[in-house]
Amino acid sequence: MNRNQVVYVNSALHWLTGSGSYILVLDLNFEVWRKVSVPDETRYGTGNRVYLLESDGCLSLIEISDTWMKIWVMKDYERELWHMVDRVSLGCIKGLVHGIFPIAQTGECVFLVTHKQVLVYHRTSWAWKEMYSVQNNATLPLWFSAHAFRTSIFPCE
């Protein structure tokens, strides 16, 4: 499994397997492991890259090819039903696609990083915006240290 990418949704931890063929789930309430299928239409390994994220409390999968970004959300967690909620052309950021990957999303925005930039895609307006750009010769690529912040999974009571 991809140890660098874990997603917490529905009281469970989720990892995309190295092959991208399914998701391993550790249910923290019952302390059991299970497998969840990725969307049937997902094509991992044919030049496409697949990432797991959380989006407004739902498990989400983003598939990035040379020309498109597809956003899937699991709307029905119990029945494992995936819905493609967006298909975005990457033509306007063509030179950045090879090194881009998503770090966070909401129902309205997807945040992505490249070697030196943080980009946001606004799903309602179909617009791309550069949120941050490294202006000097940083020793580490931006993606090396870019992480989305979420509140703790356990309350500090």
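Reply: Start with glutamate 80, which is partly exposed because its relative accessible area is 25%. The model is a predicted one. The side chain of glutamate 80 meets that of arginine 34 in a salt bridge, at 3.1 Å from N to O. Arginine 34 sits in strand β4 (residues 32-37), while glutamate 80 sits in the loop between β7 (68-76) and β8 (81-89), so the pair ties together parts that are 46 residues apart in sequence. Arginine 34 is partly exposed too, with a relative accessibility of 30%.

The structure holds 3 salt bridges. Another one joins the side chains of arginine 79 and aspartate 76, with 3.4 Å from N to O. Arginine 79 has a relative accessible area of 58%, so it counts as exposed. Aspartate 76 is at 24%, which makes it partly exposed.

Then come arginine 123 and aspartate 86. Their side chains form a salt bridge of 3.1 Å, N to O. Arginine 123 is in the loop between β11 and β12 (127-133), and aspartate 86 is in strand β8, so this pair ties together parts that are 37 residues apart in sequence. Buried means under 20% relative accessible area. Arginine 123 is at 16%, so it counts as buried. Aspartate 86 is at 13% and is therefore buried as well. In general, side chains of opposite charge can pair when their charged atoms come close.

Now the strands that lead up to that loop. Strand β11 (residues 117-122) is joined to β10 by 5 bridges, and the two run antiparallel. A hairpin of 3 residues links β10 to β11.

On to β9. Strand β9 (residues 101-105) also runs antiparallel to β10, with 4 bridges between them. Here alanine 104 has phenylalanine 111 of β10 as its bridge partner. As for β10 itself (residues 109-113), 4 of its 5 residues are buried, so the strand is largely enclosed by the rest of the structure.

One more buried residue is worth a look. Glutamine 5 lies in the segment before β1 (6-9). Its relative accessibility is 13%, so it counts as buried. Beyond its neighbours within four places in sequence, glutamine 5 contacts His14, Trp15, Tyr51 and Leu52. Leucine 53 is 48 residues from glutamine 5 in sequence, yet their C-alpha atoms are 8.5 Å apart in space.

Key. Residues are numbered from 1 along each chain as its sequence is written. This is a predicted model: local features need pLDDT of at least 70, side-chain atom pairs count only at pLDDT 80 or more; totals for chains, interfaces and linings use all residues. Side-chain values use heavy atoms; hydrogens and water are left out. Buried means under 20% relative accessible area, exposed over 50%, partly exposed in between (1.4 Å probe, protein chains only). Contact means heavy atoms within 4.5 Å. Two strands pair if DSSP finds at least two bridges between them. A salt bridge is a side-chain nitrogen of Lys or Arg within 4 Å of a carboxyl oxygen of Asp or Glu.
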